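Subject: Structure handover

Dear colleague,

I am passing on the structure below, together with notes on what turned up when it was examined. Please keep it open beside the text while you read.

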Amino acid sequence: MKSLVYYGPQDLRLEERPIPTPKKGEVLVKVHAVSVCGSDLGAYRLPEVSDRWAPPLVLGHEFSGEIAALGEGVENFKLGQAVTANPILYCGECFYCKRGLINLCTNRQSLGTTIGGAGQDGAMQEYMTIRASALIPLMKGVSYIQGALLEPLAVSLVAARNGDFGDGERVAIIGAGPIGLMILSFLKAAGNKEVYISDLLPSRLQKAIQLGADEAISGHDDVVKAVKELTDGIGVDRVIIAAGAPGVMEDAIKMVRSGGRIVLVALIHHKAEMELLPIVTRQISILGSYMFTTEMQDVMQMIADKNLNVDGLVSSTYPLENGKEIFDLLCGPTCDKVKIILTND
Ligand SMILES: [Zn+2]
Ligand SMILES: [Zn+2]
């Protein structure tokens, strides 16, 4: 089978590997679709190898496929069944898991990463093995392409719900990449909200308008000033940071109203220097939003019920063989693609 193997920043190689055999409690999945995540691109763009993605490693955790073999002791699943999986491989026994907070599991490993020490090869290959307990069957009417979007959609749904002030709130999203645009879609689907979004790329701003943004602000302009003007100088109720550019935190503090909330969902690797006094005197709350627990199912239900249209989010699909080119394309400074899905057919 073909595997796209990560050997470090800017180094992805297509290799022939033997099809793995599922161990006890695992299944073999024939991958049909795997979406390229911003975190996969993050690994590819790193200045040096990180222990989050220690090579050699197969990336890819946003995927769907069909069950091709069952390991010993696996029940409740059948050959040919369409599935995706929760990439958070939690322990089920720690303080957090016992409280249902599997995203915070102390012992978690994660598909397509070496988080937690052990490498878990991901879905950028023709076949992969995964523990059956992580599988999520695709509902009727949910395609493989849609299945490969459930994970980032779940991340976005949680971020959209975190810190929500309810109907009538005004929200600014920093960053109109896949996660920013998905958050926008959920906010607009959730009712009466005014949503402003900023990004450096005109194509993304255009996409944001198509998806219902009330205002799309170029990141080349003074975003803080624009948001202030749109809110009569008050600032927005909530800022959601979905991009990791330097200075975003400082900007967010300036554009949120007093008593407002800042939600951080982008994985920002750099440090920020900011004034702490306004956080107290203007009573600002800062919330982190990491992954999800059961929201992949919620999102899938919305798609199956036709309450969420995600088709506009996928820019194109390409065969897995083109993986390296696609990473180079997506890391380009003017890339106008939103989400690219690699397929295996
Ligand atoms: Zn992802
Ligand atoms: Zn745990």
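Before anything else, one definition is needed: the expected span of a helix is 1.5 Å times one less than its number of residues. Please also bear in mind throughout that this is a predicted model.

Helix H3

With that definition in hand, we can check helix H3, which covers residues 150-161. At 1.5 Å a residue, its twelve residues should span 16 Å, and since the C-alpha atoms at its ends are 16 Å apart, the two values agree. A residue counts as buried if 20 or more other C-beta atoms lie within 10 Å of its own, and by this test eleven of the twelve residues of H3 are buried, so the helix is largely enclosed by the rest of the structure. The buried residues are Leu150, Glu151, Pro152, Leu153, Ala154, Val155, Ser156, Leu157, Val158, Ala159 and Ala160. After H3 comes Gly163, which has a positive phi near 75°.

The two domains

The domain assignment divides the chain into domain 1, made of 2-153 + 292-343, and domain 2, made of 163-288. Twelve residues from domain 1 and 13 residues from domain 2 take part in the contact between them, while the C-alpha centres of the two domains lie 28 Å apart. On the side of domain 1 that touches domain 2, helix H1 (38-45) and helix H3 each supply at least two residues, and H1 gives the most, with three residues. Sorted by class, this side of domain 1 has five nonpolar, five polar and two charged residues.

Strands of a sheet pair through backbone hydrogen bonds, either parallel or antiparallel. Here, an open sheet of six strands shows parallel pairing, in the order E12-E11-E10-E13-E14-E15. Its edge strands, E12 (215-218) and E15 (285-288), each pair on one side only, and neighbouring strands of the sheet are turned by 20° against each other on average, when direction is ignored.

Within this sheet, strand E10 (residues 170-174) runs parallel to strand E11 (residues 194-199), and five bridges join them; Ile174 stands opposite Ser198 in E11. Helix H4 (residues 178-189) lies across E10, E11 and strand E13 (236-241), and runs at about 170° to E11. Helix H7 (residues 248-255) also packs on the sheet, where it touches E10, E13 and strand E14 (256-264), and its direction makes about 170° with that of E13.

Backbone details to look at

Most residues other than glycine have a negative phi, and most peptide bonds are trans. Which peptide bond is cis, with omega near -5°? It is the one from Pro55 to Pro56, and Pro56 is found in the loop between H1 and strand E4 (62-70).

Gln10 has a positive phi of about 60° although it is not a glycine, and it is found in the loop between strand E1 (2-8) and strand E2 (11-16). Is Gln10 buried or exposed? It counts as exposed, because it has 12 C-beta neighbours inside 10 Å, and the cut-off for exposed is 12 or fewer.

Lys306, which is not a glycine either, has a positive phi of about 60°. Lys306 has its place in the loop between helix H9 (295-304) and strand E16 (314-319), and with 8 other C-beta atoms within 10 Å, Lys306 is exposed.

With best wishes

Methods
Residues numbered from 1 in each chain as written. Chains lettered and ligands numbered in written order. Predicted model: local features only at pLDDT ≥ 70, side-chain atom pairs only at ≥ 80, totals over all residues. Domains from an automatic or database assignment. Contact = placed C-beta atoms within 7 Å. Helix = DSSP H or I, 4+ residues; strand = E, 2+ residues; numbered from the N terminus. Nonpolar A, V, L, I, M, F, W, Y, C, P; charged D, E, K, R; others polar. Pairing = 2+ DSSP bridges. Axes fitted to C-alpha atoms, helices over the stretch in contact; angles between N-to-C directions.
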